[in-house]
Amino acid sequence: MKVLHISYSDSNGGAAIGAYRLHHAMLHRGVDSSMLVAHKGKQDSSITSLDTESTKGRIRTGFSAAHDLRELYGVDGLPIRSINLHGLDIADIINRHPAEIVQLHWVANNTLKLSELPKITKPIVWKMPDMWAFCGGEHYIRHGDIERYKLGYDKTEPFNNEKIDVDRFIWEAKRKYYQELPLTITSPSLFLATAAHNSVLLKDYDAHVIPNPLPWDFLFGNVPSEEERQKIRRDLNLPENKLLVIFSAFSTKEQRKGYHHIEDMLTQHLPNLLSASKIAFLVCGAADNNVEQVAGYDVFKFEATNDTNKYKQFLRAADLLLFPSEMDSTAMVVQEALSQGLPAIVFDVGGLPELVSHKE
């Protein structure tokens, strides 16, 4: 079997890492797998980049047009939105490829124009990393928000009183281009598969739950002993005699990931429960490497890294993972932490309860 994976990136963000891991899991299973990405970060001959000298102009034009459309929302601090009405014409590339199945991943941010979908002549499997496939421009609907994807964007009002309902405009384009696609949906979480089943756009397509694969070294590495943990902390210049709590996200600036909840906890709640002499915090995904104090608590900040071994060291140094995401389908960092014997605390939203058994 020959499979072609389409993704925005092979390394930039959790969805891209998940796509790359699935691609390599297939290769190890004997599948003739290859990958087509808008932004290539890995030196891997099985991956082809769409970002070439001949396409740079069209990529820039697509980004510019998408930026102009986002401005029409008229709302400050708008969560991430993807338009995908502009970009590259890649259906011909896909159709000429010898692959028998096309696997879509995170194809937002103009990776795959919506109008290109009905031009693809091969069976399509869409591995949804988030809710964008069946929403308007949004990648996630926050817990408690009206479920426009389920009710129909033509029957509901915008979330934040946007001046122009761009989400409905994109949703209507999806409804047009999704008609009679040779499409099968897969999801890493039951939550996301159920949401797709209940959506206006994807209710007529099959949706299957297939968990994200983890690399061999995550699954079969030993849980660190206390002696190993202390050595790792010394190597990273982290305190050896404190409870060390890790927060990890590709970017701490993305509000949905919830880093602001940790700051609130440090300044408003934790001083009444635990002294700064007993606990410290490790943040992976900060803007730069530094150490600061928040309400008297030491916060060790490290930039996000694509080095799996270094990232594993962060997990193996910690005692506890805090992942206060306000909505997620299935967080890879939670899977990774649990594989290293690290307990995780999450909100009861999205697919996170499928990963974390309460108080167990």
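This is a predicted model: local features need pLDDT of at least 70, side-chain atom pairs count only at pLDDT 80 or more; totals for chains, interfaces and linings use all residues.
Residues are numbered from 1 along each chain as its sequence is written, and side-chain values use heavy atoms, with hydrogens and water left out.

**Around Phe302**
- Phe302 is buried, with 14% relative accessible area (buried means under 20%, exposed over 50%, and partly exposed in between, using a 1.4 Å probe and protein chains only).
- Phe314 sits 12 residues away from Phe302 along the chain, and their C-alpha atoms are 9.5 Å apart.

**Aromatic rings**
- Rings of Phe, Tyr and Trp (its six-membered ring) pair if their centres lie within 6.5 Å; planes under 30 degrees apart are stacked, over 60 edge-to-face, and the rest tilted.
- That rule gives eight aromatic pairs.
- Take Tyr8 and Trp106: their ring centres are 5.5 Å apart and their planes are at 70 degrees, so this pair is edge-to-face.
- Tyr8 belongs to strand E1 (residues 2-9), while Trp106 is in the loop between strand E4 (101-104) and strand E5 (124-127), so the pair ties together parts 98 residues apart in sequence.
- Tyr8 and Trp106 are both buried.
- Elsewhere, Trp126, Trp132 and Tyr178 make up one aromatic cluster.

**Charges over rings**
- A charge sits over a ring if NZ of Lys or CZ of Arg is within 6 Å of the ring centre and within 35 degrees of the ring normal.
- Lys174 has its charged end over the ring of Trp132, 3.7 Å from the centre.
- Lys42 does this with Tyr20, its charged end lying 4.7 Å from the ring centre.

**Cysteines**
- How many disulfides does a search of the whole structure find? The search turns up zero (a disulfide is a pair of cysteine sulfur atoms within 2.5 Å).
- Cys135 is buried at 0% relative accessible area, and Cys284 is buried at 4%.

**Out on the surface**
- Trp216 is in helix H7 (residues 216-219) and counts as exposed, at 66% relative accessibility.

Notes: Helices (H or I, at least four residues) and strands (E, at least two) are DSSP runs, numbered from the N terminus.
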